[in-house]
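Please open the model in your viewer and keep the selection panel at hand.

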Amino acid sequence: MEQGQEEPEQEEQEEDRPPLNWNLIVFRWSILLLFCVCFFFNISDSVYHVAVISYYSACEECEFTYYESLVLAATLFVTGILLLGVYLVLMQMKRALRVYNMVMFLSSWLQMLLILVMTQRYPIAHNVHYRWLNQESLEYYEKKYDCCGVLGPDDYLLTSGTLPSSCFKSESYLTKDLHYKGCLNRDAVSTSLLRYELLTSLFQMLLVGALIAYYLYLKKILAPVRSFRILWQSRIIF
């Protein structure tokens, strides 16, 4: 009797399952892959921003950390938005996706604008920080931007006790030609709009475009909103 009861129940569950739409499945998992890429970039960026802010927390002259904090706040907000998007995509919630697409676009746009402001105001801060931590020469920046060390000549005097020739105008080694300003805070210098810091925002804009296409496709095929039971029956994969 028990086996006889179980068979009709299994048949009913199979009837409740909608037929597989492989185009939709591939589309959905392509978008979820994009979500993973964006999530990875945002987490990596957040860790980096926190490390930079912590490293220069005691530096009163490091005004760029203010912009770094704004970018960090925007990045953390977008990270939370990304997690919500995964849920909406899996559940095929068309109405919610329409609102979500707008929120995601505006959040990504704001994040990109903050990164642009930071990188245009302090264009060499990240490069100088990276090279100094990895004990690489700052000669290129010191000669081009008339600066010395990260925060000033004391960076060299406290570590090696000597100043490189690139800290002096025309490499003269004369005190009057010494560059007293550090390279980290060099601002208002010419730089390109295309920066590697914008890579995360570009991927997110690509994600927004894919989400709009996904929403339109769901609307076209009249895809129903999926319940947790259907999601579980499909093992989430389908």
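Begin by selecting Gln92, which is found in the loop between helix 3 (64-91) and helix 4. Helices here are DSSP runs of H or I with at least four residues, numbered from the N terminus (strands are runs of E with at least two). The model is predicted: local features need pLDDT of at least 70 and side-chain atom pairs count only at pLDDT 80 or more, while totals for chains, interfaces and linings use all residues. Residues are numbered from 1 along each chain as its sequence is written, and side-chain values use heavy atoms, with hydrogens and water left out.

Gln92 has a phi near 60°, a positive value in a residue other than glycine. Most residues other than glycine have a negative phi. With a relative accessible area of 4%, Gln92 is buried; buried means under 20% relative accessible area, exposed over 50%, and partly exposed in between, with a 1.4 Å probe and protein chains only.

Next, select Asp146, in the loop between helix 6 and helix 7. The phi of Asp146 is also positive, near 55°. Is Asp146 buried or partly exposed? Asp146 counts as partly exposed, at 43% relative accessibility.

**Salt bridges**

How many salt bridges does a search of the whole structure find? The search finds 3, a salt bridge being a side-chain nitrogen of Lys or Arg within 4 Å of a carboxyl oxygen of Asp or Glu.

Select Lys143 and Glu139, whose side chains meet in a salt bridge at 2.7 Å, N to O. Both residues lie in helix 6 (residues 139-145), 4 residues apart, about one turn of the helix. Lys143 is partly exposed at 42% relative accessible area, and Glu139 is partly exposed at 34%.

Glu171 forms a salt bridge with Lys143, the closest N and O atoms being 2.9 Å apart. This pair links distant parts of the chain, 28 residues apart: Glu171 is in the loop between helix 7 (154-159) and helix 8 (199-220), and Lys143 is in helix 6. Glu171 counts as partly exposed, at 39% relative accessibility. Together, Glu139, Lys143 and Glu171 are linked in a network of salt bridges.

Then move to Arg131 and Glu136, whose side chains meet in a salt bridge at 3.5 Å, N to O. Arg131 is partly exposed at 27% relative accessibility, and Glu136 is partly exposed at 32%.

Select Tyr56, Phe64, Val128 and Leu184, the residues with the most contacts inside the largest nonpolar core, which has 28 residues. Such a core is a set of buried Ala, Val, Leu, Ile, Met, Phe, Trp, Tyr and Cys residues joined through side-chain atoms within 4.5 Å. Helix 3, helix 4, helix 5 (125-133) and helix 6 each supply at least two residues of this core. A second, separate core of 24 residues includes Leu24, Leu207, Tyr214 and Tyr217.

Return to Tyr56 and display its neighbours. Which residues does Tyr56 touch, not counting residues up to four places away in sequence? They are Cys62, Phe64, Thr65, His129, Val150 and Leu184, where contact means heavy atoms within 4.5 Å.
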